[in-house]
Amino acid sequence: MYSPHVVAEMVDANEFWDLTRKHNVHGVPKTVINEGRHYLEGAVPEDHLVKAIQAVVGS
Amino acid sequence: MAILPTNVKQQVQEMFSEIDQPIKMILVDEGGNSELDQLMTELDALSDKLSYQRAGVAEASRYGLDEESLPSILLEGPEGVSRARFTGAPAGHEFGVLIQDIVDLSQGQITLSDATKRYLESLTEDVHLQVFTTPT
């Protein structure tokens, strides 16, 4: 919502097996950043997610 | 038969009483009978400030969606179509997230910290987040 550069998609892992397999989703929630450039397992705090995004696109 | 039990409808209606600006829910899918269509129709009936539109596969690209990622639920608020969307059914915990998203979007409410907002304002590259969840 906040940035025009960010798209956030909630994916039903049971319904999209191809995507689930592609990103090796064995546990949920799992967050995939920019088609697999970075992965986060579990429900992470906001600053943790920001650090992960920074690792992919820089600060 | 209704998808949403009466007690859930009452809870959702209570949350929807906090809707400020009108919100349109858009379901992009292949059409035909579907539980998702029924769910959207039932939600639509719970608030005068909500509307519901169904779009076909041909319109997927207009919303920046791949055909492989349908069905998809989008929310359109005062500032256009939100970049937060649901791929597949918003079941289990995600149902609550959808309801809260509708209310937050209608109120223009952003719950992020100031530090995160500052970082997001500085972003120049596109970021695609996909959060995989299951209904249970």
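Mentor: What follows starts from the contact between the chains and then turns to the parts that surround it. Please keep in mind throughout that this is a predicted model. As for confidence, chain A averages a pLDDT of 94, and 100% of its residues score at least 70; among the elements of chain A, the mean pLDDT is lowest for α1(A), at 94, and highest for β2(A), at 97.

Chain A itself holds two helices and three strands, which run β-α-β-β-α from the N terminus on. Its C-alpha atoms fill a box of roughly 30 × 20 × 20 Å along the principal axes, and of its 59 residues 24% count as buried.

The contact draws 30 residues from chain A and 32 residues from chain B. On the side of chain A that touches chain B, the elements that give two or more residues are β1 (6–12), β2 (30–33) and α2 (46–57) of chain A, and β1(A) gives the most, with seven residues. By type, the residues on this side of chain A divide into 17 nonpolar, seven polar and six charged.

The side chains continue the theme. The largest nonpolar core has 27 residues, of which A:V11, A:A13, B:M25, B:L75 and B:F132 touch the most other members. Two or more residues of this core come from each of β1 of chain A and, in chain B, β1 (23–28), α2 (35–44), β3 (72–77), β5, α3 (93–107) and β6 (127–133), while the largest share, four residues, comes from β1(B). B:F132 deserves a look of its own: leaving aside residues up to four places away in sequence, B:F132 touches A:V11, A:A13, A:T20, A:V25, A:V28, A:P29 and A:K30.

Helix α3(B) brings us back to the same strand of chain A. The buried residues of this helix are B:E94, B:L98, B:D101, B:I102, B:D104, B:L105 and B:S106, and what covers them includes β1 of chain A together with β1, β3, β5 and β6 of chain B. The length of the helix can be checked as well: at 1.5 Å a residue, the 15 residues of α3(B) should span 21 Å, and because the end C-alpha atoms are 22 Å apart, the two values agree. Just after α3(B), B:G108 takes a positive phi of about 60°.

Some backbone details also call for attention, since most residues other than glycine have a negative phi, and most peptide bonds are trans. One of the residues touched by B:F132 is A:P29, which is found in the loop between α1 and β2 of chain A and is joined to A:V28 by a cis peptide bond with omega of about -5°. Chain B has a cis peptide bond between B:L70 and B:P71, with omega of about 5°, and B:P71 lies in the loop between β2 (50–55) and β3 of chain B.

The loop between α1 and β2 of chain A also holds A:N24, which has a positive phi of about 50° although it is not a glycine; A:N24 counts as exposed because it has 10 C-beta neighbours inside 10 Å. A positive phi, of about 45°, is likewise found at A:N34, again not a glycine, in the loop between β2 and β3 (38–41) of chain A. With 15 C-beta neighbours inside 10 Å, A:N34 counts as partly exposed.

Finally, helix α1 (residues 17–22) of chain A includes A:K22, which counts as exposed because it has 12 C-beta neighbours inside 10 Å. A:K22 and A:V56 are 34 residues apart in sequence, and their C-alpha atoms are 19 Å apart in space.

Key. Residues are numbered from 1 along each chain as its sequence is written. Chains are lettered from A and ligands numbered from 1 in the order in which they are written. This is a predicted model: local features need pLDDT of at least 70, side-chain atom pairs count only at pLDDT 80 or more; totals for chains, interfaces and linings use all residues. Two residues are in contact if their C-beta atoms, placed from the backbone, lie within 7 Å. Ala, Val, Leu, Ile, Met, Phe, Trp, Tyr, Cys and Pro count as nonpolar, Asp, Glu, Lys and Arg as charged, and the others, Gly among them, as polar. A nonpolar core is a set of buried Ala, Val, Leu, Ile, Met, Phe, Trp, Tyr and Cys residues joined through C-beta atoms within 7 Å. A residue is buried if 20 or more other C-beta atoms lie within 10 Å of its own, exposed if 12 or fewer, and partly exposed in between; C-beta atoms are placed from the backbone. pLDDT is the predictor's confidence in each residue, from 0 to 100. The expected span of a helix is 1.5 Å times one less than its number of residues.
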